[in-house]
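Hi,

Here is the structure I promised to pass on. Have a look at it first, then read my notes below.

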Amino acid sequence: PNYASKHEKGHAPAMNEGMVIKTNTNQRYATNGVTGFVVRELGRRCGTPVQEFAVRNDCPCGSTIGPILTANTGMRAVDLGMPQLSMHSCREMMGKSDLTFANRLFRAFYTDFREVDDALETK
């Protein structure tokens, strides 16, 4: 959320308002339709808000290791995190409530993932 000019309007992450799914139309992040749905459904089941973050299409962005891992292993992945200010700086800051949301969502992953995954229909 440091630079409002770098993300799509309406897709700005806010601290203390839940986990953030990162997507990029140029596939610079690992999230796709299926993996994003799984996280949103797990969040719905455990009462954890999930935010969407999208870099503006006309702004170049970095990438994560996610696309490399998915391409080399075939494993599904999602780029997910907690909103932060000044990431990678000596004064990195995040919201306390987001730790609770993360814990809840990760627990839901371990308890509910199989049920959510089994309910997916792929054609």
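By about how much of a helix are D117 and R114 separated in helix α3? They sit three residues apart in that helix (residues 96-119), so about one helical turn separates them. Before the rest, some housekeeping: this is a predicted model, where local features need pLDDT of at least 70 and side-chain atom pairs count only at pLDDT 80 or more, while totals for chains, interfaces and linings use all residues. Residues are numbered from 1 along each chain as its sequence is written, and side-chain values use heavy atoms, leaving out hydrogens and water.

Back to that pair: the side chains of D117 and R114 form a salt bridge (3.1 Å, N to O), meaning a side-chain nitrogen of Lys or Arg within 4 Å of a carboxyl oxygen of Asp or Glu. D117 is buried at 15% relative accessible area, but R114 is partly exposed at 49%. (Buried is under 20%, exposed over 50%, partly exposed in between, with a 1.4 Å probe and protein chains only.)

The whole structure has seven salt bridges. Another one joins E52 and R40 (2.9 Å, N to O). E52 is in strand β2 (residues 50-54) and R40 in helix α1 (residues 33-46), so this pair ties together parts twelve residues apart in sequence. (Helices, H or I with at least four residues, and strands, E with at least two, are DSSP runs numbered from the N terminus.)

Then there's E41 with R44, at 2.6 Å, N to O. E41 is buried at 12%, whereas R44 is exposed at 57%.

Cheers
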